Amino acid sequence: PISKNKGQIYQYVGDEVVVSWPMDDGLSQANCLQCFFDIVDIMGKLNSKYTSKYALTPSFKAGMHYGKVSTGTVGTLKKEIIYTGDVLNTASRIEGLCNKHNVDLLLSKDLVDQLPLNHAFLPKRIGEISLRGKSTEIMLFTIERTNTEVV
C-alpha cells in the first residue's frame with residue numbers, strides 16, 4: 001500500500017514505520033489517506049490468519065501532518081539521509097494522541113485543508129489540542145471512509 005500510494009518509508013523507529021510523501025504525491029488523490037485505509041483493509045483480510053497463528057490481531061495508529069522538511073546527510077562510514085523539521089515532531093505527537101481520543105487516525109487541520117476529500121472520506125473534528133513543545137493549539141480531525149469497499 002505504501003508504494004502503491006506513492007509513499008516512501010523514511011525510517012523504522014522501534015515498532016513504528018515513518019512514511020513520507022513528496023507534497024504533491026501525498027495530496028494527489030488523497031494518497032496518504034488511501035495508504036492508511038489500504039493497510040487497514042489488508043490487515044483486516046489477514047485477521048483470521050494472525051488470530052489462529054498468534055492468538056491476537058495486530059493493529060496500528062497513524063498521525064498525519066504536512067509541511068516542509070530540511071534534508072541532510074549524516075555520518076561518514078555509514079551515511080544516512082535525514083529529515084528535520086517541526087512537521088516530524090508534530091506528526092509524532094499527533095499519533096501519540098490516538099489512544100486518548102479512541103481513534104486509529106488523527107490529522108492536523110492544516111493537512112485536512114489541503115487534501116482533496118471527496119465523497120469517500122468524511123472528516124470528523126476532534127478539537128483544539130495542545131501539543132508538547134508547541135506554543136499554539138492545533139485542530140485535530142479523524143477521517144472515516146464513507147465507502148468501505150475492500151479492494
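Two strands pair if DSSP finds at least two bridges between them. Helices (H or I, at least four residues) and strands (E, at least two) are DSSP runs, numbered from the N terminus. The model shown here is predicted, and local features need pLDDT of at least 70, side-chain atom pairs count only at pLDDT 80 or more, and totals for chains, interfaces and linings use all residues. Residues are numbered from 1 along each chain as its sequence is written, and side-chain values use heavy atoms, with hydrogens and water left out.

**View 1. The hairpin of E1 and E2.** Strands E1 and E2 pair in the antiparallel sense over five bridges. Gln8 has Ser20 in E2 as its bridge partner. Two residues stand between the strands of this hairpin, and Gly14 takes a positive phi near 65 degrees.

**View 2. Lining of the largest pocket.** The volume of the largest pocket is about 1500 Å³; a volume is the space filled by probe spheres set on grid points, which are joined across faces, edges and corners. A pocket is an open set of points on a 1 Å grid over the protein atoms alone, where a 1.4 Å probe fits, with protein on both sides within 12 Å along at least five of seven lines; lining residues have an atom within 4 Å of a point. Of the 44 lining residues, Val17, Val18, Val19, Ser20 and Gly63 are the closest to the centre of the largest pocket. Helix H4 gives the most to this lining, with seven residues. The lining divides into 29 nonpolar, 10 polar and five charged residues (Ala, Val, Leu, Ile, Met, Phe, Trp, Tyr, Cys and Pro count as nonpolar, Asp, Glu, Lys and Arg as charged, and the others, Gly among them, as polar).

**View 3. Asp38 in helix H2.** Asp38 lies within helix H2, which spans residues 31–45.

**View 4. Gln29 in the loop between H1 and H2.** Gln29 is not a glycine, yet has a positive phi of about 55 degrees. Gln29 is exposed, with a relative accessible area of 68%.

Technical notes. Buried < 20%, exposed > 50% of the residue type's maximum accessible area, 1.4 Å probe, protein only.
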